[in-house]
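Okay, everyone, thanks for coming.

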Amino acid sequence: MGRWYETAYNDIGQVGASCQYADNAANAKGYEQNFRAIYSFVPYDEVDEYENTTPAVKGMYVKHKKGLKVLLTIPMTVVDFGLGPDGYYDHLIEYACVTKVGVPVIELRFSSRSSNVTPEVIEVMKKTAAA
């Protein structure tokens, strides 16, 4: 779990955002993500819950804002991850694609343990996401 920096994304909800990072902590249902960003000069903070509704399937979650599950849930999938030299998760790719009230909701997020990721790592992640 721990801190993850968003290094690239395609998410309509983050248009104009910068300095995105998240602190993830495991809980009984999956994990909780405290997401932070800056919109223009205004800090933004939200807490999302990721519930593993199918424990036999690793990496599949239902995401919702903490306390607001009735308003919007988004199925999220960790489609790939990479290990660092220390053997721990170093970067990951998350994807969601669902239609809610006739509006497509698509998220593609590349995250890394480091806020500085080489262009080569980003390119590998792009190729993996496109496959």
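Before anything else, a word on labels: helices (H or I, at least four residues) and strands (E, at least two) are DSSP runs, and they're numbered from the N terminus. Keep in mind that this is a predicted model, where local features need pLDDT of at least 70, side-chain atom pairs count only at pLDDT 80 or more, and totals for chains, interfaces and linings use all residues. Residues are numbered from 1 along each chain as its sequence is written, and side-chain values use heavy atoms, with hydrogens and water left out.

So, the overall picture. Eight strands close up into a barrel, going E1-E2-E3-E4-E5-E6-E7-E8, with antiparallel pairing. From one strand to the next, the twist averages 30 degrees; the axes there are lines fitted to C-alpha atoms (for helices, over the stretch in contact), with angles running from 0 to 180 degrees between N-to-C directions. And when I say two strands pair, I mean DSSP finds at least two bridges between them. As a reminder, strands of a sheet pair through backbone hydrogen bonds, either parallel or antiparallel.

Where do E1 and E8 meet? Strand E1, residues 2-11, and strand E8, residues 103-112, run antiparallel and are joined by six bridges. Over there, Ala 8 sits opposite Phe 110 in E8.

E2 and E3 are antiparallel over nine bridges, and a hairpin with two residues connects them. Look for Asn 27, which faces Gly 30 in E3. Gly 30 also has a bridge partner in E4, namely Glu 51. Next, E4 and E5 pair antiparallel over four bridges, with Tyr 50 opposite Lys 63 in E5. E5 and E6 also have four bridges, antiparallel, and Tyr 61 is partnered with Met 76 in E6.

Zoom in on Asp 48, in strand E4, residues 42-51. Buried or exposed? Asp 48 counts as buried because its relative accessible area is 1%; the cut-offs are under 20% for buried, over 50% for exposed and partly exposed in between, using a 1.4 Å probe and protein chains only. Its side chain makes a polar contact of 2.9 Å with the side chain of Lys 65. (That's a pair of N or O atoms within 3.5 Å; within protein, one must be able to donate a hydrogen and the other to accept it, and residues adjacent in sequence count only if both atoms are side-chain atoms.)

Gly 67 is in the loop between strand E5 (60-65) and strand E6 (74-83). At 69% relative accessibility, Gly 67 is exposed. Its C-alpha is 8.9 Å from that of Asp 48, 19 residues apart along the chain.

Last stop, the largest pocket. What lies nearest its centre? Among the 22 lining residues, that's Met 1, Tyr 61, Val 78, Tyr 89 and Leu 92. A pocket here, on a 1 Å grid over the protein atoms alone, is an open set of points where a 1.4 Å probe fits, with protein on both sides within 12 Å along at least five of seven lines; lining residues have an atom within 4 Å of a point. E1, E2 (17-27), E3 (30-39), E6, E7 (89-100) and E8 each supply at least two lining residues, and E3 gives the most, with four.
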